[in-house]
Amino acid sequence: MRLILLGPPGSGKGTQAQRLVHRHGIVQLSTGEMLRAAVAAGTPVGLQAKEIMANGGLVPDEVVVGIIADRIEEPDAKKGFILDGFPRTVPQAEALDDLLRKKHLKLDAVVELRVNESALLARVEKRAEETRARGEEVRLDDTPEVLTKRLAQYRSLTEPLIHYYSERRKLLTVDGMMTIEHVTREINRILTALGALEPKDHEDHAPRAAKKASKTAKKVATRPAKKAAKSAKKAAKATSRAVGARKAAKKAAKTSVRTANARKGAKAAKKAAKKLTKKRAKR
């Protein structure tokens, strides 16, 4: 899975990038971090960037692209990556497309987090007020004035990328004003629909684990009840058999009494008949 997250400052790109990294085992590639790492490692591109930065110049796009080219070859980037801070302009996007084409890699999607700029400014103002109320100093880069400048820069330089990737059918837009959890779910849903994620990757493991734990707990909890019910059923059967046996014995006893009475009656009748025969014989 190879992604680009687009959105103005304060739209939540960093938060969503980290969630994707932790959930899907991909890496977040920040151009600033990659530049510093390349300089520290002393790679050819890193040395070139170091010389430019030492002279106070801006690192050109071709150098940044060269650093990205080296970075995505590392083992941890094989499963996928999210580009953070690059591309910022259409020429950078075109250079990135060329790089990926040469490496036979495909960009899966560009996710735009669309937000209300007025709401972002209100959010920063509120945060600044809360910071002052706590008696703390407001960060210089966390004020409405700085955010207004950054938003203007985003609109002039980076916003054209929305049209660029929309034309190439790579752009997917998500409402960045939703809760963090809702934004995460929506990103995962559209990535799954694109085939960038397997359905099983889209599932949250925590609810699945909780469901399994609940099932186990339920099974354990119902085990004694089932055992008790089984014992009760067994006892009921035994009782039923005992009652049946008593009824059968009682019936047999009654039958025996009737049989005995019948025998006595037959014996008495036989005796009476015998007496009558003797009397007739005497006559």
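**Entry 1: a serine under cover**

I began my notebook with one cut-off: a residue is called buried when its relative accessible area is under 20%. I also noted that the model I am looking at is predicted.

With that in hand I looked up S11. Is S11 buried or exposed? I found a relative accessible area of 6%, so S11 is buried. I traced S11 to the loop between β1 and α1, where α1 covers 13-24. S11 and V115 are separated by 104 residues in sequence, yet their C-alpha atoms are 6.2 Å apart in space.

**Entry 2: the nonpolar core**

Next I turned to the largest nonpolar core. How many residues are in the largest nonpolar core? I wrote down 33. The members that touch the most other members are I4, L6, I67, I68, L96 and Y165.

**Entry 3: a negative patch**

Now for the surface. I found a negative patch there, formed by E125, E129, E130 and E145. Which helix gives the largest share of the negative patch? That is helix α6, residues 117-133, with three residues.

Exposed means over 50% relative accessible area. E129 has 52% relative accessibility, so E129 counts as exposed.

I noted H104 with phi near 60°, a positive value in a residue other than glycine. H104 is in the loop between α5 and β4, with β4 at 109-114. Its relative accessible area is 74%, so H104 is exposed.

I noted R169 as well, where phi is near 55°, again a positive value in a residue other than glycine. Where does R169 lie? I located R169 in the loop between α8 and β5, with β5 at 171-175. At 79% relative accessibility, R169 counts as exposed.

Terms used
Residues are numbered from 1 along each chain as its sequence is written. This is a predicted model: local features need pLDDT of at least 70, side-chain atom pairs count only at pLDDT 80 or more; totals for chains, interfaces and linings use all residues. Side-chain values use heavy atoms; hydrogens and water are left out. Patches are made of residues with over 30% relative accessible area and no salt bridge: like charges are joined within 9 Å, nonpolar side chains (Val, Leu, Ile, Met, Phe, Trp, Tyr) within 5 Å. Accessible areas come from the Shrake-Rupley method with a 1.4 Å probe; for residues, only the protein chains shown count as cover. A salt bridge is a side-chain nitrogen of Lys or Arg within 4 Å of a carboxyl oxygen of Asp or Glu. Lys and Arg count as positive and Asp and Glu as negative; His and the chain ends are not counted. The place of a charge is taken as NZ of Lys, CZ of Arg, CG of Asp or CD of Glu. Helices (H or I, at least four residues) and strands (E, at least two) are DSSP runs, numbered from the N terminus. Buried means under 20% relative accessible area, exposed over 50%, partly exposed in between (1.4 Å probe, protein chains only). A nonpolar core is a set of buried Ala, Val, Leu, Ile, Met, Phe, Trp, Tyr and Cys residues joined through side-chain atoms within 4.5 Å.
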